[in-house]
Amino acid sequence: MSMIRIEHLRKEYPNATPLEDVCVEINKGDVISVIGPSGTGKSTLLRCLNRLEDPTSGKIFVDGEEITDPKCKMNLVRRKMGMVFQSFNLFDNLTVVENIMSAPVHLLKMPKQQAHEEALTLLDRVGLRDKAENFPSELSGGQKQRVAIARAIAMKPEILLFDEPTSALDPTMVGEVLSVIRSLAEEGMTMMIVTHEMKFARDVSNRVFYMDDGGIYEDGTPEQIFEHPEKERTRRFIKRLKTLEFEIADAEPDYPALLRALEQFGKSAMLSAQALRRTILVFEEIVMQGVLPKLRETQNGFPIRVSIEHSDADGSIAVSAVYGGARFDPLTDGDSLSATIAKKLAKRTDFAFDGENRIIAVI
Amino acid sequence: MNIEQKKDGKALVLALAGRLDTVTAPELEAALNDALAGVEELTFDFEKLDYISSAGLRVLLSAQKTMNRQGSMKVIHANEMILEIFEVTGFADILTVE
């Protein structure tokens with residue numbers, strides 16, 4: 001069942017438009033990790049959802065009610081939607097238990113005694129009952145964030161929004177916060193979590209939004225997004241690819257300039273000297289000694305589009321080339337000495353012809 | 001690539017430095033065309049050679065064929081990467097590598 005429906009959401013700032021046209025539905029019980037490069041509107045999406053930001057245009061419905069309608073009572077909507085911020089946002093002058101009681105007492109008019117008891121129960125859930133009477137300044141970052149989560153669920157929200165909940169934490173404290181979020185997911189809480197913790201996103205979510213290019217660029221299961229991303233930018237982000245792309249436009253390329261570009265790429269990708277030499281050699285054997293002489297001979301098939309990709313995730317380097325002309329696989333139809341070197345240095349090679357020739361060698 | 005030639009009677013030593021690749025292999029080929037006449041003992045010193053590709057191997061193969069008729073040829077001081085390329089291409093069996 002759809003709990004939140006977003007229709008053509010757009011958010012413009014004077015110098016940027018992080019959300020151009022977002023359309024998506026969020027179902028009850030969904031645990032959605034929102035991932036993507038910086039500046040792609042992940043936090044903006046969350047902040048538009050609970051109207052901390054006013055969308056420029058578009059509509060958002062929560063439980064069928066349009067919260068982008070100016071007549072909508074936002075206080076009632078925000079009760080359904082808890083938010084946990086990167087910077088905790090606790091009240092420093094209140095004790096831990098008072099921080100958690102505050103909203104139920106003031107907004108829900110819950111009796112103080114009941115709010116106190118429920119706050120202690122929530123502190124139990126996040127493993128901090130013994131800190132009930134402490135002030136936030138006496139807690140570690142991880143403990144503060146666990147209190148912030150307890151405070152958010154004290155309002156019994158239907159959905160919880162987390163905006164990079166572990167980004168401000170010392171790495172040693174990330175685990176304790178993620179484990180609380182994980183337990184909420186197991187209890188069936190509907191959640192959207194903007195996060196850079198990829199392993200967590202993969203383990204906990206049933207859906208992952210990869211945000212880029214002005215919206216939700218790819219929406220899929222963790223398996224799809226992390227193992228078989230369908231779209232190019234998702235793939236590059238997930239595999240943490242550093243990429244060098246260039247074109248060889250004609251039969252007489254400036255090889256020393258190409259070499260300089262490859263060496264510069266090797267430095268920026270922090271390749272070892274051996275890995276860089278192998279990359280250059282595979283490129284030279286496939287493209288310079290294989291494809292180029294063939295296209296030169298037939299005077300057809302230019303440009304050759306070359307891409308070198310290094311994955312930080314698994315250390316692999318992929319050398320690929322796309323070119324026109326008749327079917328020509330340099331590893332089977334080209335010079336055998338060049339083919340031998342390229343095949344011996346590569347862990348995997350693949351060739352396809354679909355109107356264009358595509359060859360890839362993974363080192 | 002830099003090519004340094006040292007001739008002592010019928011012995012010629014070619015010391016290569018840098019890269020022997022698509023661009024520089026023709027330079028070596030031209031140097032050999034000029035220098036091999038009358039040579040009976042050819043040595044390639046690869047101490048300062050960083051890189052070799054198939055383009056360089058083809059020139060070595062051509063030199064080996066010439067020297068099979070005229071005398072002998074050997075490669076000395078090749079680095080690990082070059083030795084690996086000799087190995088995977090079978091050149092380790094064709095050339096005399098010391």
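Which helix of chain A holds both Asp203(A) and Lys199(A), and how many residues apart are they? Both lie in helix 7 (residues 198–204), 4 residues apart, which is about one turn of the helix. Over all chains, a search of the whole structure finds 30 salt bridges.

A word on the ground rules. This is a predicted model, where local features need pLDDT of at least 70 and side-chain atom pairs count only at pLDDT 80 or more, while totals for chains, interfaces and linings use all residues. Residues are numbered from 1 along each chain as its sequence is written, chains are lettered from A and ligands numbered from 1 in the order in which they are written, and side-chain values use heavy atoms, with hydrogens and water left out. Helices (H or I, at least four residues) and strands (E, at least two) are DSSP runs, numbered from the N terminus.

**Where the chains meet**

Chain A brings 19 residues to the contact and chain B brings 18; contact means heavy atoms within 4.5 Å. About 1,500 Å² is buried between chain A and chain B, with carbon and sulfur atoms giving 60% of that area. Buried area is the accessible area (1.4 Å probe) that two parts lose on being put together, summed over both.

Between chain A and chain B the count is 2 salt bridges. In a salt bridge of 2.4 Å, N to O, the side chains of Glu84(B) and Arg278(A) meet.

On the side of chain A that touches chain B, helix 10 (255–268), helix 11 (273–298) and helix 12 (336–345) of chain A each supply at least two residues. Helix 11 gives the largest share, 8 residues. By class, that side has 9 nonpolar, 3 polar and 7 charged residues. Ala, Val, Leu, Ile, Met, Phe, Trp, Tyr, Cys and Pro count as nonpolar, Asp, Glu, Lys and Arg as charged, and the others, Gly among them, as polar.

**Sheets in chain A**

Strands of a sheet pair through backbone hydrogen bonds, either parallel or antiparallel. Two strands pair if DSSP finds at least two bridges between them. Here are some pairs in chain A:

| Strands of chain A | Sense | Bridges |
|---|---|---|
| Strand 13 (317–323) and strand 15 (357–362) | antiparallel | 6 bridges |
| Strand 14 (348–353) and strand 15 | antiparallel | 6 bridges |
| Strand 3 (31–35) and strand 8 (190–194) | parallel | 4 bridges |
| Strand 4 (57–62) and strand 5 | antiparallel | 2 bridges |

In strand 15, Ala361(A) is the bridge partner of Val319(A), and Ile360(A) stands opposite Asp350(A). Strands 14 and 15 of chain A form a hairpin with 3 residues between them, and Gly355(A) in the turn has a positive phi of about 100°.

One open sheet of chain A has 6 strands in the order 6-7-8-3-9-10, with mixed pairing. Strand 6 (81–84) and strand 10 (215–220) stand at its edges with a single partner strand each, so one side of each has no neighbour in the sheet. Neighbouring strands of this sheet are turned by 20° against each other on average, direction ignored.

Helix 5 (residues 141–154) of chain A packs on this sheet, touching strand 6 and strand 7 (159–163), and its direction makes about 170° with that of strand 6. Axes are lines fitted to C-alpha atoms, for helices over the stretch in contact, and angles run from 0 to 180 degrees between N-to-C directions.

**Two backbone details**

Most residues other than glycine have a negative phi, and most peptide bonds are trans. Arg51(A), a residue other than glycine, has a positive phi near 65°, and its place is in the loop between helix 1 and strand 4 of chain A. A cis peptide bond, with omega about 0°, joins Phe302(A) and Pro303(A). Pro303(A) sits in the loop between helix 11 and strand 12 (304–311) of chain A.

Methods. Salt bridge = Lys/Arg side-chain N within 4 Å of Asp/Glu carboxyl O.
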